[in-house]
Amino acid sequence: MSPPAGEAVDVNQELPQLPNADYTVGWVCALTTEYVAAQVFLDQQHAPPAYTATHDNNDYALGCIGKHNVVIAVLPGGEYGIASAAGVARDMLHTFPNVRIGFMVGIGGGAPSPNHDIRLGDVVVSEPRDGLGGVFQYDFGKSIQDQPFKSTGFLASPPTLLLTAISGLKAKYEIDGHTIREDVESVLATKKRLKKKYSRPDAVTDQLFRSDIVHALSESSCLDCAGDGDSVVMRSIRDEDEDDPVIHYGLIASANQLMKDAKLRDQYASEKDVLCFEMEAAGLMNHFPCVVIRGICDYSDSHKNKQWQGYAAMTAAAYAKALLRRLAINKVEAEKTISTVLESFGADLRDIQSTAAKVEGAVESLHRAVLHDHLRTILDRLPTAKAAAFDSGSEEHNPTCLPSTRVELLEEITNWADDSSSEEIFWLNGMAGTGKSTVSRTVANSFAARGRLGGSFFFKRSEADRSNITKFFPTVAAEMIRRLPATAEYIKIALDADASVGTRRTEEQFGRLFRGPLKKLKSTATEMPIVFVFDALDECEQERDIQLLIKLFFNFFKVETKVETGFETEFETEFETEFETEKEFRVPIKIFLTSRPELPLRLEFALQGTHQGIVLHEIPRSIVERDISTFLQHTLWEIQRTFNASVAYSRQLGPDWPRKDAVQALASISVPLFIFAATLCRFIADRRHGNPERQLAMVLTHQIRGQKVNLGDTYLLVLQQQIADLDREDNPFWIDEQETHAIVAARCLYVLRFLKKDMCGIKSLGGPVSDLANPARQDSRGS
């Protein structure tokens with residue numbers, strides 16, 4: 001049973017420790033002051049997490065508010081701003097994958113205006129306004145002389161569940177008022193050491209200066225700025241019928257810089273109806289959908305002081321607690337996890353989406369419609385390999401990485417792709433079945449969603465056009481036209497110069513259809529790299545083709561003005577000349593490759609130069625086992641759901657199926673092969689031979705011998721079940737053992753008929769072993 005709100009927790013009492021998966025509410029703070037305020041409003045504290053994800057540097061406070069389990073994180077000391085907040089939220093989701101709703105709670109600077117009587121200690125809650133999602137990133141935009149500031153950044157709205165609860169709480173407060181001030185005082189009554197810093201300051205210190213009054217560096221206190229009082233805006237005292245603090249709902253402005261300009265503050269308040277300024281929320285909204293709650297500690301001007309920070313943090317935390325208590329636990333649990341929500345939108349929402357582009361988008365669509373026929377004529381001239389792209393129809397049902405799996409690996413790949421100073425080529429290699437193609441699809445999908453995928457090609461040995469490089473560069477060029485329309489004209493120039501370029505030698509295709517068009521593109525110095533994803537190089541049948549591709553990829557990034565391909569065209573000469581004079585405008589390119597670690601590929605990569613890479617089967621077993629366990633939990637849950645939906649209640653699998661120890665055993669069996677885990681799941685789901693419970697039990701009892709896993713036995717079990725009910729006469733797997741042995745023996749005897757001395761025509765036959773002991777005989781044979 002939880003203690004009453006604000007009751008002191010006995011630090012000597014052992015705190016309960018819950019699994020990370022039990023926490024569904026994420027709460028992010030920027031400052032230690034905010035972190036303290038959040039913790040004292042917990043109904044009950046929990047023990048720290050038993051484990052955290054690799055590279056997760058967050059500090060966490062855990063506890064509950066009502067029936068909600070809450071994880072609270074704080075930014076690293078001395079780090080502020082959008083990027084730091086995004087990093088904290090990202091790491092939180094890695095360690096606590098079931099977080100479903102988010103809160104960003106802390107202090108901010110108020111923007112009082114004739115429409116909003118905002119005072120110190122008041123609370124501002126983010127709420128969508130005028131097409132903006134509740135948080136407005138004001139350092140992404142453009143200023144045009146004599147015109148209002150034009151925003152070019154759009155951030156997501158808080159989740160609908162939270163917006164609905166905000167509306168309900170707003171109505172309740174309008175009818176009955178709130179108890180935020182009383183709640184703060186109640187908590188401080190049990191935390192006496194916090195009273196000095198976190199209690200409400202004297203009202204005389206709440207002074208709003210005129211916008212033209214700037215704090216002088218020579219004045220130690222803002223009271224000195226007041227002078228005879230003319231510098232201060234006169235405001236009436238709030239009477240007993242008014243809420244104090246007041247809760248304001250609307251737009252919060254966020255940026256990487258502290259707002260200390262009263263005139264600029266007033267401009268945003270007038271043009272955008274901004275209520276509050278802060279420095280972190282814009283880093284969260286597209287990566288950690290949440291509501292932003294800010295206690296007002298100053299007026300976003302030069303008259304900064306820390307007197308009100310503690311109390312403002314407390315009022316914000318008190319409102320957050322009241323809002324959370326309004327949410328029914330079943331409603332929160334019914335929400336998708338934040339990781340799942342982000343994955344469903346491409347695993348990564350775009351960081352910046354121009355609001356101007358919403359208007360310009362209609363024009364752009366019309367423009368594309370006009371260009372469509374033009375681009376189609378170019379595409380039709382390229383001989384392409386069908387279904388080679390990651391998003392082709394044949395790849396539709398192939399999996400991507402589940403949320404909360406491959407976290408560290410995908411993070412490293414993303415960091416590589418985002419860092420213009422890192423190696424241009426990334427080689428992910430691993431044994432068959434370790435999940436290379438699944439990672440490739442995930443990477444391609446992620447960068448496609450962010451508008452940064454240049455193209456993809458997935459080799460496949462069983463398909464003619466995808467098992468060689470004959471159509472590789474024409475296919476990639478066709479994707480470039482679709483994803484990087486600016487390359488279309490340069491590809492058209494190459495086709496006009498030689499209509500058969502798509503059937504020329506690979507080196508020539510590389511120069512005219514890939515390297516040339518890409519290096520003609522221009523960009524700003526800050527543009528993020530474009531990523532190409534080429535999967536399963538080892539599925540290309542010809543070893544020399546693979547080596548040639550690797551060499552060409554490395555040549556792409558070499559400084560020399562000519563690729564050593566043995567040809568030169570007017571098109572390339574024109575390109576190289578321009579490139580030499582405009583290197584600073586080159587669009588950064590990254591190439592992501594995967595293959596098995598076969599010797600010829602390893603040698604070629606070693607010969608060509610430096611690159612970044614990971615060997616999948618060398619990733620620590622604990623990480624792979626964790627990811628496979630997550631995959632198994634998800635897939636077996638789907639099997640349970642599907643099975644239970646199709647059978648009578650009496651036959652349904654219980655809510656505790658599968659047991660945790662069973663999932664762990666399957667994960668241990670499967671490491672390091674994701675494909676083996678997938679095979680086991682297909683076997684368990686096969687209802688032709690029994691229900692999932694029986695199939696799972698069969699795997700577990702059949703598999704482990706001592707501490708060593710025998711994969712062959714399990715594959716044999718799967719194969720035997722697949723053929724168990726098939727008719728021997730029609731089943732190509734069945735053979736007559738006696739008849740087959742007789743055929744093999746007869747063929748061996750047939751071959752023996754052709755054996756003869758020096759049957760290979762070597763001429764130099766050597767000598768018998770006995771001659772080794774008799775040198776004299778050797779000499780005589782030699783003479």
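These are my notebook entries on what I looked up in this structure.

**Entry 1: the model**

I am working with a predicted model. I kept that in mind for every entry below.

**Entry 2: the second largest pocket**

I began with the second largest pocket, which holds about 1,700 Å³ of space. Its lining is made by 42 residues. Ala-21, Pro-97, Asn-98, Thr-630 and Gln-633 lie nearest the centre of this pocket. I then looked up the elements that give two or more residues to the lining: α2 (82-95), α10 (338-344), α12 (407-418), α20 (621-646) and α21 (660-670).

Which element gives the largest share of the lining? I found that α20 does, with 11 residues. I also sorted the lining by class. There are 15 nonpolar, 18 polar and 9 charged residues.

**Entry 3: Arg-90**

Next I picked a residue in helix α2, Arg-90. It counts as partly exposed, because its relative accessibility is 39% and that class runs between under 20% for buried and over 50% for exposed.

**Entry 4: cis peptide bonds**

I turned to the backbone. Most peptide bonds are trans. One runs from Trp-657 to Pro-658, with omega near -5°. Pro-658 sits in the loop between α20 and α21. Another cis bond runs from Val-671 to Pro-672, with omega near 5°. I found Pro-672 in the loop between α21 and α22 (674-685).

**Entry 5: positive phi**

I stayed with the backbone and looked at phi. Most residues other than glycine have a negative phi. Ser-300 is not a glycine, yet its phi is positive, at about 55°. Its place is the loop between β12 (290-298) and α8 (309-325). Is Ser-300 buried or exposed? It is buried, because its relative accessibility is 1% and the cut-off for buried is under 20%.

Ala-536 is not a glycine either, and its phi is about 60°, again positive. I located Ala-536 in the loop between β15 (530-535) and α17 (543-556). Ala-536 has a relative accessible area of 8%, so it is buried.

**Entry 6: salt bridges**

How many salt bridges does a search of the whole structure find? The search finds 39. I looked up a few of them.

The first entry on my list joins the side chains of Asp-244 and Arg-181, at 3.5 Å from N to O. This pair links distant parts of the chain, 63 residues apart. Asp-244 is in the loop between α6 (223-226) and β10 (247-254). Arg-181 is in helix α4 (residues 180-190). Asp-244 has a relative accessible area of 22%, so it is partly exposed. Arg-181 has a value of 30%, so it is partly exposed too.

Asp-244 also forms a salt bridge with Arg-238. Here the closest N and O atoms are 3.3 Å apart. Arg-238 is buried, because its relative accessible area is 13% and the limit is under 20%.

I then checked Asp-266 and Arg-265. They form a salt bridge, and their closest N and O atoms are 2.9 Å apart. Asp-266 is partly exposed, at 24% relative accessible area. Arg-265 is buried, at 2%.

Asp-244 has partners in both Arg-181 and Arg-238.

**Entry 7: a nonpolar surface patch**

Leu-749, Leu-752, Leu-755 and Met-759 make a nonpolar patch of about 410 Å².

Methods:
Residues are numbered from 1 along each chain as its sequence is written. This is a predicted model: local features need pLDDT of at least 70, side-chain atom pairs count only at pLDDT 80 or more; totals for chains, interfaces and linings use all residues. Side-chain values use heavy atoms; hydrogens and water are left out. Patches are made of residues with over 30% relative accessible area and no salt bridge: like charges are joined within 9 Å, nonpolar side chains (Val, Leu, Ile, Met, Phe, Trp, Tyr) within 5 Å. Accessible areas come from the Shrake-Rupley method with a 1.4 Å probe; for residues, only the protein chains shown count as cover. A salt bridge is a side-chain nitrogen of Lys or Arg within 4 Å of a carboxyl oxygen of Asp or Glu. On a 1 Å grid over the protein atoms alone, a cavity is a set of points where a 1.4 Å probe fits but cannot get out, and a pocket is an open set with protein on both sides within 12 Å along at least five of seven lines; lining residues have an atom within 4 Å of a point. Grid points are joined across faces, edges and corners, and a volume is the space filled by probe spheres set on the points. Helices (H or I, at least four residues) and strands (E, at least two) are DSSP runs, numbered from the N terminus. Ala, Val, Leu, Ile, Met, Phe, Trp, Tyr, Cys and Pro count as nonpolar, Asp, Glu, Lys and Arg as charged, and the others, Gly among them, as polar. Buried means under 20% relative accessible area, exposed over 50%, partly exposed in between (1.4 Å probe, protein chains only).
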